[in-house]
Amino acid sequence: MEVILLERIARLGQLGETVRVKDGYARNYLLPTGRALRSNEANRARFEAQKAQLIARNEERKSEAQAIAKQLDGKRFVIVRSAGETGQLYGSVSARDIAELIRNEGFSINRNSVELNLPIKLIGLHTVAIALHAEVEATVELNIARSQEEADRQARGETLTSADAIYGADDEDEILEEGEEEAGEDGEAEAEADERA
């Protein structure tokens, strides 16, 4: 289906362009949300009559998005979730969770604004892009931890999923010693094999 875009849409086109899209994308998203019109003579004439208003409305939305982006960009949010010893979350953090968290802080965004290809499944610091407008993007940092104390430690730069965080520093030395002993035995076996050859 060919449509006339009423605003700039990333990876699709600029305001006023006529583009070909899949029927379902047009019927279920572009047309109902007012982002496009079906491409025909009547709608082209309607677009030309409203072009100045559409450009002004787009600039207004863009300036609002830039104001929000200025406040939101670089902010850090803490998410406390249950996780296993290795840092694997019991569940995941999705775009919906992130959008809800940011809305609770007083910013008006929806889950479609959160650019997250896959849900987050590990504790740690994660950077996520928020598309506030087709031309405006902000970046936030998520600090996902098992407790507020762990979140504070992560914020200071500590790694909580390494061997010392899981087993404790003393146990890690023992693990390394065991590994060294095994490597020593393997080395002796290789030396004996070389002597036989």
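Among contacts in the chain of this predicted model that link residues at least 6 apart in sequence, 50% join residues at least 24 apart. The chain contains six helices and nine strands, and of its 197 residues 29% count as buried.

Four of the strands form an open sheet in the order β4-β9-β8-β6, in which the pairing is mixed. The edges of this sheet are taken by β4, comprising residues 76-80, and by β6, comprising residues 114-115; each has a single partner strand, so that one side of each is left without a neighbour in the sheet. The pairing of β4 with β9, the strand formed by residues 136-145, is parallel and consists of five bridges. Within this pair of strands, R76 is placed opposite E141 of β9.

Two helices that pack on the sheet may be described in turn. Helix α2, which spans residues 41-72, packs on the sheet through contacts with β4, β8 (residues 124-133) and β9, and the direction of the helix makes about 160 degrees with that of β8. Helix α4, formed by residues 148-155, likewise packs on the sheet and touches β4, β8 and β9, its direction making about 120 degrees with that of β9.

After the helix comes G157, a residue whose phi is positive, with a value near 105 degrees.

An annotation from a sequence record can be set beside the computed secondary structure. In an unreviewed entry, UniProt places the feature "coiled-coil region" at residues 37-64. In the predicted model, this span is 86% helix and 7% strand, and the C-alpha atoms at its ends lie 24 Å apart. For comparison of the residue ranges, helix α2, which touches β4, β8 and β9, is assigned to residues 41-72, whereas the annotated feature is given by the record as residues 37-64.

Terms used
Residues are numbered from 1 along each chain as its sequence is written. This is a predicted model: local features need pLDDT of at least 70, side-chain atom pairs count only at pLDDT 80 or more; totals for chains, interfaces and linings use all residues. Side-chain values use heavy atoms; hydrogens and water are left out. Two strands pair if DSSP finds at least two bridges between them. Contact means heavy atoms within 4.5 Å. Axes are lines fitted to C-alpha atoms, for helices over the stretch in contact, and angles run from 0 to 180 degrees between N-to-C directions. Buried means under 20% relative accessible area, exposed over 50%, partly exposed in between (1.4 Å probe, protein chains only). UniProt positions are given in the numbering used here, feature names are shortened, and annotations may be inferred rather than shown by experiment.
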